[in-house]
Each structure stands twice: as C-alpha cells, then as structure tokens.
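Morning, everyone. Please look at the structure on the screen. I'll start with the whole chain and then go to two residues.

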Amino acid sequence: MSKLLDYIRLSFFAAGLLLGVQIPAFVSDFGHALDAHLIEANNALAPFKKDAQNYFNNDLNKLIAHYENIGDDIVGKGATHIKNLNNRQHSLQVAVNNFNQSPYLFTLTSDFLTIKKQVWQRFEGQIVLKKDSIIAALVCAIIIAIFAEFIGFVTLFIIKRGYYRLFIAGK
C-alpha cells in the first residue's frame with residue numbers, strides 16, 4: 001500500500017510539473033494577444049486621429065465634440081463609436097504597459113477576460129524549457145503535491161475516525 005501511495009504522490013507531482021511548465025507559454029501568448037488587440041485598436045483609431053491632427057490641432061476630443069454638435073443622429077453615433085475606440089485603445093495601452101512591468105501578476109489579475117478566453121481556446125500545450133518555465137513547473141508541482149498530500153491526509157483521518165466511532169467505540 002505504501003508503494004501505491006508513493007506512485008500516486010509522484011503522479012501528482014508529475015502532473016504539477018506538466019501544468020506548471022505551461023504557465024509561461026500561456027502568459028506569453030496572452031501578452032501577444034494584448035499587443036495584437038492594441039495594434040488593431042490603433043489601426044481603427046488612426047483615421048480619426050489623422051482628422052483630429054489636420055483639423056483640431058491633434059485633439060481627438062475636439063473632433064468628437066464637433067461630431068456630437070453637428071446635430072445629425074448618425075454622425076452623433078459616430079462620435080460615440082470614436083469615443084469607445086479611444087477608450088479601448090487607451091485601456092489596451094495601459095494593459096500592455098502593465099503587462100510589460102509584471103507579466104505573471106497582470107495575467108493573473110487582469111480583467112481582460114475575453115482576451116484570456118480567446119487565448120485559452122487557441123492555446124496549445126508547449127514545453128519551452130526556459131528558466132521561468134522550470135521555476136513555474138517546480139512551484140506548481142510542489143503546490144499540487146502538497147495539496148494532494150493534505151487531501152489524502154484529511155481523507156484518511158476522516159476514514160480512521162469513522163472506523164473508530166463505528167467499530168471500536170461501540171464495544
């Protein structure tokens with residue numbers, strides 16, 4: 001029975017290693033996706049920034065205000081769309097800057113859930129043995145092994161306690 005438990009512990013440790021080695025690859029893919037979304041937002045906003053440069057001394061807010069004051073509902077909605085594009089571009093620029101400062105923490109705590117979901121759906125497991133991959137793999141493996149050991153200990157404790165109550169204490 002002892003050997004079986006050792007193999008189970010090793011299996012959990014190996015699973016933790018394989019899971020942990022994927023973390024840096026996912027973080028890297030998330031960073032690339034943020035960059036791609038930022039480029040897309042910049043490209044979508046570029047014509048309006050050019051108009052703001054040509055007609056409103058580089059002030060996009062003046063261009064938006066001009067569109068809103070025209071009095072046409074369609075052009076007014078266009079101003080709302082430009083505002084949304086500008087806000088998206090700004091939030092993505094802040095996100096890319098924060099990601100570059102601390103990629104792991106930002107990936108864990110960011111609220112760009114749709115981008116994370118897109119990355120996860122297209123993510124293919126890859127094993128790139130760099131220093132951060134090895135560290136993440138070992139940390140993840142140790143955490144999973146400790147967690148599995150703890151669950152096993154609690155389960156055995158509950159089983160022994162139940163056995164004691166049913167059979168030994170009843171005599």
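Read along the sequence, the protein chain runs α-α-α-α-α-α-α. That comes to seven helices and zero strands. Helices (H or I, at least four residues) and strands (E, at least two) are DSSP runs, numbered from the N terminus. How spread out is the chain against a compact globule? The radius of gyration is 27 Å, well over the 16 Å that the globule rule gives for 171 residues, so the chain is more spread out than a compact globule. That radius is taken over C-alpha atoms, and the rule is 2.2 Å times the number of residues to the power 0.38. Along its principal axes, the C-alpha trace spans about 90 × 40 × 25 Å.

A word on the source. This is a predicted model: local features need pLDDT of at least 70, side-chain atom pairs count only at pLDDT 80 or more, and totals for chains, interfaces and linings use all residues. Residues are numbered from 1 along each chain as its sequence is written, and side-chain values use heavy atoms, with hydrogens and water left out.

Of the 171 residues, 25% are buried. Buried means under 20% relative accessible area, exposed over 50%, partly exposed in between (1.4 Å probe, protein chains only). Contact means heavy atoms within 4.5 Å. Among contacts with a separation of 6 or more, 72% join residues 24 or more positions apart.

Charges next. There are 17 positive and 13 negative side chains, and the centres of the two sets lie 15 Å apart. Lys and Arg count as positive, Asp and Glu as negative; His and the chain ends are not counted. Each charge is placed at NZ of Lys, CZ of Arg, CG of Asp or CD of Glu.

First residue: Thr107. It sits in helix H5, residues 103-109. Is Thr107 buried or exposed? Buried, with a relative accessible area of 6%. Leaving out residues up to four places away in sequence, Thr107 touches Phe26, Val27, Phe30, Phe99 and Lys116. A polar atom of the Thr107 side chain lies 2.7 Å from the backbone oxygen of Pro103.

Second residue: Arg9, in helix H1, residues 2-20. Arg9 is partly exposed, at 38% relative accessible area. Its side chain makes a polar contact with the side chain of Asp6, at 2.7 Å. A polar contact is a pair of N or O atoms within 3.5 Å; within protein, one must be able to donate a hydrogen and the other to accept it, and residues adjacent in sequence count only if both atoms are side-chain atoms. Arg9 and Ile144 are 135 residues apart in sequence, yet 9.5 Å apart in space, C-alpha to C-alpha.
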